[in-house]
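Take a moment with the sequence and the model that follow. Then read on, and keep the structure in view as you go.

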Amino acid sequence: MTEFTDIPVLDLAPLIAGEDTTELARAFAKAYGETGFGYITNHGVDPALREAIFNASERFHALPAETKNAIALNRQHRGYIAINTSTDVNSDLAEVTKPNQSASFMMMREDTETDPEVYLSGSNQWPELEGFREACEAYVTAMSTLGRQLMRLAFDALDIKDKSILSAFDTPTIWLRLLHYPPQSPQAPEDLYGSAPHKDFGCLTLLAQDDVGGLQVQTPAGNWVDAPPMEGALVVNVGDMLHRMSNGCLRSTPHRVINTTGRERYSVPFFFDPHVSTDIAPLPGTGAPKFKPLNFGEFLRSELEAGYEAHSLTKDDQ
Ligand SMILES: O=C(O)CCC(=O)C(=O)O
Ligand SMILES: [Fe+2]
């Protein structure tokens, strides 16, 4: 694998303008084949939506603990995760013994009802906070549009002729995560993380971060490269499912957050994944399959249940 020292930048202007994307697709293949991370500029998302989501996040995290805990994370994986309650139990990248030094609000697709046949279907838990739900929904609408455009670009980059798989993203599985990282003491133990080393398990993550910094990306040689804030840009990375679909051509790269800046940090990852009924397998045209097919819903169930149990246990301990 090619070693890297910085995170590439991709200008999305031709894609957003509906112009020729041949060069962009080539740049995408290189960036995500080598680094698995990129800064996306000229992505077309209204800066006002970004401002509104950060404002909503700050107001949410400033609410009293009991108000936030009233909507604690449920089995549909929606709601509030308090600090010191989420340990990355599935991490095979580091021995993670201490819970993440961050708190978050998780929103998923807003379904009108919970369908027992569809894992994670349901409605969200909303706090009583004026304008909060509206800000989340408007942001998610814009990011879902961008997510679809980026998935198409990814398949172009892989030279996939039959793009019928795109219909798996018509009713996508999404998470909007409003993260708050308090400052960590520079004297904190080395294995205390804002977010412990992990790979994202889905297809694409579109991350907005404030101006504080703290995100780091691991190189093939095991070094950590900073992914500092870039004004107006989104940090986009590939997760394990797109890695499998691409038959290993696009990388799912480990990353972590350590916030020793002395400042509070807010970030907003948006996870864009296919419907839970989707079977994930190397796509035709990517060569002899290196991965066995798996069902996304079943995969999520095994991934999330372990985390949920660990999270509930920590909560009860407090
Ligand atoms: O806060 C960040 O910058 C990254 C968060 C992250 O990696 C995640 O939520 O998966
Ligand atoms: Fe992540």
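How do the residues of the shell around ligand 1 divide into nonpolar, polar and charged? Seven are nonpolar, three are polar and three are charged. Keep in mind that this is a predicted model.

Start with the ligand. There are 13 residues around ligand 1. Tyr181, His198, His255, Arg265 and Ser267 come nearest. Find them in the structure before you go further.

Now look at single atoms. An N or O atom in the side chain of Tyr181 is 2.7 Å from an oxygen atom of ligand 1. For His255, a polar side-chain atom lies 3.1 Å from a ligand oxygen. Asp200 also takes part: an N or O atom of its side chain is 3.2 Å from an oxygen atom of ligand 1. How much of the ligand does the protein bury? Taken alone, ligand 1 exposes 300 Å², and the protein buries 96% of that.

Which strands build this shell? Strand S5 (173–181), strand S11 (255–257) and strand S12 (265–273) each supply at least two of its residues. The largest share comes from S12, with four residues.

Next, move to a pocket. The second largest pocket has a volume of about 220 Å³. Its lining counts 17 residues. Arg50, Met230, Glu231, Gly232 and Ala233 lie nearest its centre. Here helices contribute as well as a strand: helix H3 (47–61), helix H5 (132–157) and strand S7 (204–209) each supply at least two lining residues. Sorted by class, the lining of this pocket has nine nonpolar, three polar and five charged residues.

The structure also holds one cavity of 30 Å³ or more. About 50 Å³ of space lies in this largest cavity. Which residues line the largest cavity? They are Arg78, Met108, Arg109, Tyr119, Leu120, Thr173 and Val276. By class, four of them are nonpolar, one is polar and two are charged.

Finish with charged pairs. The count comes to 11 salt bridges. One of them joins Arg26 and Glu23. Their closest N and O atoms are 2.8 Å apart. Where do these two partners sit? Both Arg26 and Glu23 lie in helix H2 (residues 22–34). They are three residues apart, about one turn of the helix.

Notes
Residues are numbered from 1 along each chain as its sequence is written. Chains are lettered from A and ligands numbered from 1 in the order in which they are written. This is a predicted model: local features need pLDDT of at least 70, side-chain atom pairs count only at pLDDT 80 or more; totals for chains, interfaces and linings use all residues. Side-chain values use heavy atoms; hydrogens and water are left out. A residue is near a molecule or strand if one of its heavy atoms lies within 4 Å of it. A polar contact is a pair of N or O atoms within 3.5 Å; within protein, one must be able to donate a hydrogen and the other to accept it, and residues adjacent in sequence count only if both atoms are side-chain atoms. Accessible areas come from the Shrake-Rupley method with a 1.4 Å probe; for residues, only the protein chains shown count as cover. Ala, Val, Leu, Ile, Met, Phe, Trp, Tyr, Cys and Pro count as nonpolar, Asp, Glu, Lys and Arg as charged, and the others, Gly among them, as polar. On a 1 Å grid over the protein atoms alone, a cavity is a set of points where a 1.4 Å probe fits but cannot get out, and a pocket is an open set with protein on both sides within 12 Å along at least five of seven lines; lining residues have an atom within 4 Å of a point. Grid points are joined across faces, edges and corners, and a volume is the space filled by probe spheres set on the points. A salt bridge is a side-chain nitrogen of Lys or Arg within 4 Å of a carboxyl oxygen of Asp or Glu.
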